[in-house]
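Subject: The structure, and what I found in it

Hi there,

Here is the structure I promised to pass along.

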Amino acid sequence: MTERKTYHSTLGDLLLEAENRTLTMCKWSDTTIHDNEGCVSSCSMGGFLDIVSSELDEYLAGKRKTFDIPLADRGTPFDNIVWNLIASIPYGDTMSYSQIARMTGRPGGARAVANACRRNPLCIFIPCHRVIAADGSLSGYSGGRERKKRLLQLEKFPDQQQCYIRKNM
């Protein structure tokens with residue numbers, strides 16, 4: 001069974017999707033075309049996406065640094081290698097596209113790493129916002145540079161960022 005839910009935050013809405021208690025998608029709604037055909041909403045109490053939402057609440061409140069949610073591998077073999085490396089970047093830290101490329105064994109592959117980031121179906125959970133340009137600039141982010149900046153600020157200064165918690169809707 002596929003579950004879908006929209007998670008509302010002050011950073012924007014996230015579209016969540018899960019199959020068999022595994023998160024398959026977490027994307028910013030304003031950057032995604034989404035088809036709701038044949039899906040079941042997870043608005044009932046105790047649904048898997050309610051657990052995902054609770055972990056997002058804790059993260060956006062600066063109270064969670066890692067996630068316990070099982071994530072689906074849905075990329076190419078190279079994408080999955082890149083995403084696993086990105087998932088290992090500690091909370092509050094950053095790494096450059098070129099550093100990750102070297103770690104994959106492709107030292108000239110910064111652009112390929114950027115493309116894998118662009119295809120990441122699990123933003124925040126696979127924290128591509130922690131990947132920056134070699135010169136330290138923010139560079140691109142599928143959710144936009146302003147969101148990237150705010151997520152990095154949240155992680156660097158969690159006690160000052162209580163404003164990202166879910167909006168009441």
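Below is what I found, going from the whole chain down to single residues.

**The whole chain**

Please keep in mind that this is a predicted model. The protein chain holds five helices and six strands, and in sequence order they run β-β-β-β-α-α-β-α-α-β-α. Of its 169 residues, 49% are buried. The chain exposes about 8600 Å², and carbon and sulfur atoms supply 50% of that area. If you count the contacts with a separation of 6 or more, 61% of them come from residues 24 or more positions apart.

In soluble globular proteins, nonpolar side chains tend to be buried together. Here the largest nonpolar core has 40 residues, and Leu14, Leu23, Val52, Ile86, Ile124 and Phe125 are those with the most contacts inside it. At least two residues of this core come from each of β2, β3 (22-28), α1 (48-60), α2 (77-87), α3 (97-103), α4 (110-118) and α5 (145-156). Helix α1 gives the largest share, six residues.

Setting aside neighbours within four places in sequence, leucine 23 is in contact with Glu17, Ala18, Phe48, Leu49, Val52, Ile69, Pro70, Leu71, Ala72, Leu122 and Phe125.

**Around strand β2**

Next, have a look at leucine 16, which sits in strand β2. Leucine 16 counts as buried because its relative accessibility is 0%, and the cut-off for buried is under 20%. Beyond its neighbours within four places in sequence, leucine 16 contacts Glu3, Arg4, Lys5, Tyr7, Met25, Cys26, Leu49, Val52, Ser53 and Leu56. Lysine 27 is eleven residues away from leucine 16 along the chain, and their C-alpha atoms are 6.9 Å apart.

What does the side chain of glutamate 17 make a polar contact with? The partner is the side chain of arginine 4, at 2.4 Å. Glutamate 17 also belongs to strand β2 (residues 14-19), and with 9% relative accessibility glutamate 17 is buried.

Serine 29 is in the loop between β3 and β4 (40-41). Its relative accessible area is 27%, so serine 29 is partly exposed. Not counting residues up to four places away in sequence, serine 29 touches Asp13, Leu14 and Leu15.

**Helix α4**

Which residues of α4 are buried? They are Ala112, Val113, Ala116 and Cys117. These buried residues line one face of the helix, because they fall within an arc of 145° when seen down the axis of α4. Arg111 and Arg118, on the other side of α4, are exposed. The cover over the buried residues of α4 includes α2, α3 and β6 (131-132).

**Salt bridges**

Side chains of opposite charge can pair when their charged atoms come close.

- Arginine 74 and glutamate 19: the closest N and O atoms are 3.4 Å apart. Arginine 74 is in the loop between α1 and α2 and glutamate 19 is in strand β2, so this pair ties together parts that are 55 residues apart in sequence. Both ends are partly exposed, arginine 74 with a relative accessible area of 45% and glutamate 19 at 28% relative accessibility.
- Arginine 64 and glutamate 55: the closest N and O atoms are 3.7 Å apart. Arginine 64 is buried at 15% relative accessibility, and glutamate 55 is buried with a relative accessible area of 6%.
- Glutamate 155 and arginine 130: the closest N and O atoms are 2.8 Å apart. Glutamate 155 is in helix α5 and arginine 130 is in the loop between α4 and β6, so this pair ties together parts that are 25 residues apart in sequence. Glutamate 155 and arginine 130 are both buried.

There is also a network: salt bridges with shared partners join Glu55, Glu58, Arg64 and Asp68.

Note on methods
Residues numbered from 1 in each chain as written. Predicted model: local features only at pLDDT ≥ 70, side-chain atom pairs only at ≥ 80, totals over all residues. Heavy atoms only, no water. Helix = DSSP H or I, 4+ residues; strand = E, 2+ residues; numbered from the N terminus. Buried < 20%, exposed > 50% of the residue type's maximum accessible area, 1.4 Å probe, protein only. Polar contact = N/O pair within 3.5 Å; in protein donor to acceptor, adjacent residues only side chain to side chain. Contact = heavy atoms within 4.5 Å. Areas by Shrake-Rupley, 256 points an atom, 1.4 Å probe, with all protein chains shown as cover. Core = buried A, V, L, I, M, F, W, Y, C linked by side-chain atoms within 4.5 Å. Arc of directions from axis to C-beta. Salt bridge = Lys/Arg side-chain N within 4 Å of Asp/Glu carboxyl O.
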